[in-house]
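Hi,

Here is the structure I promised to pass on.

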Amino acid sequence: CFFQAEDGIRDPLWSRGLGDVYKRQIHTSVWVGQKRLGQLAKWKTAEEVAALIRCLPVEEQPRQIIVTRKGMLDPLEVHLLDFPNIIIKGSELQLPFQACMKIEKFGDLILKALEPQMLLFNLYDQWLTSVSPHTAFSRLILILRALHVNNDRAKVILKPDKTTITQGHHIWPTLTDEEWVKVETELKNLILADYAKKNNVNLSLIHI
């Protein structure tokens with residue numbers, strides 16, 4: 001889901017600020033003995049979205065929620081009956097946010113989780129100090145799409161130099177603006193090469 005706040009800026013997943021993402025971890029015990037897990041997961045997700053909105057101050061509650069999976073529309077409409085002013089819209093966007101689970105920091109948290117918990121991350125690190133929100137969002141989608149199509153190669157691209165580090169409070173490597181331009185180009189080429197291979201298309205004929 002996307003939240004659209006008063007300023008009209010949209011951010012990925014359960015977000016209230018630029019790049020802020022709420023990640024809800026639900027312990028495996030919740031699913032034990034349950035059937036039709038796919039349906040249960042959708043309704044549980046809608047329940048958690050409603051609970052999150054109730055916890056937000058009125059001025060920070062979203063004006064609009066954009067749903068990227070059609071199966072989530074009905075559960076959200078039911079759980080958000082108490083918020084008639086929130087507009088719920090469907091979208092055909094295929095955003096690879098499941099690739100977040102391939103990030104070591106997130107994966108470790110899932111494996112070590114002993115109870116349900118709500119976590120808050122910023123997927124833009126400190127990008128907004130030097131680039132626009134649009135550029136930051138585009139960069140994030142490039143990274144996640146590349147991790148989705150070729151996890152190992154994407155991680156190599158993200159660390160172009162042996163001295164490249166990821167700060168403890170960050171998710172992505174610390175790169176200069178010039179390094180990010182090169183990394184983004186390589187990530188794009190990786191994604192295009194995967195698309196060309198899967199669809200039997202001549203890569204030289206693809207122009208972006």
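Let's start with Glu48, which is buried, with a relative accessible area of 7% (buried means under 20% relative accessible area, exposed over 50% and partly exposed in between, with a 1.4 Å probe and protein chains only). Before going on, please note that this is a predicted model, where local features need pLDDT of at least 70 and side-chain atom pairs count only at pLDDT 80 or more, while totals for chains, interfaces and linings use all residues. Residues are numbered from 1 along each chain as its sequence is written, and side-chain values use heavy atoms, with hydrogens and water left out.

What does Glu48 pair with? Its partner in a salt bridge is Lys44, with the closest N and O atoms 3.5 Å apart. A salt bridge here is a side-chain nitrogen of Lys or Arg within 4 Å of a carboxyl oxygen of Asp or Glu. Side chains of opposite charge can pair when their charged atoms come close. Lys44 and Glu48 are four residues apart in helix H1, so about one helical turn separates them. Lys44 also has a salt bridge with Glu47, again with 3.5 Å between the closest N and O atoms, and these two are three residues apart in H1. Lys44 is buried at 19% relative accessibility, whereas Glu47 is partly exposed at 37%.

Another bridge joins Arg54 and Asp82, at 3.1 Å from N to O. This pair links distant parts of the chain, with Arg54 in helix H1 and Asp82 in the loop between H2 and E5, 28 residues apart. Arg54 is partly exposed at 46%, and Asp82 is exposed at 57%. Through shared partners, salt bridges join Lys44, Glu47 and Glu48 into one network. The count for the structure comes to six salt bridges.

Now the overall layout. The protein has six helices and six strands (DSSP runs numbered from the N terminus: helices are H or I with at least four residues, strands are E with at least two). From the N terminus on, the order is β-β-β-α-β-α-β-α-β-α-α-α. Of the 208 residues, 38% count as buried.

On to the rings. How many aromatic pairs does a search of the whole structure find? There are two. Rings of Phe, Tyr and Trp (its six-membered ring) pair if their centres lie within 6.5 Å; planes under 30 degrees apart count as stacked, over 60 as edge-to-face and the rest as tilted. Tyr124 and Trp127 are stacked, 6.0 Å centre to centre with 20° between the planes. Trp127 and Trp180 are edge-to-face, at 5.3 Å and 75°. Ring pairs link Tyr124, Trp127 and Trp180 into a cluster. The charged end of Arg139 sits over the ring of Trp127, 4.9 Å from its centre (the rule asks for NZ of Lys or CZ of Arg within 6 Å of the ring centre and within 35 degrees of the ring normal).

Ala196 and Ile206 are ten residues apart in sequence and 8.3 Å apart in space, C-alpha to C-alpha.

Cheers
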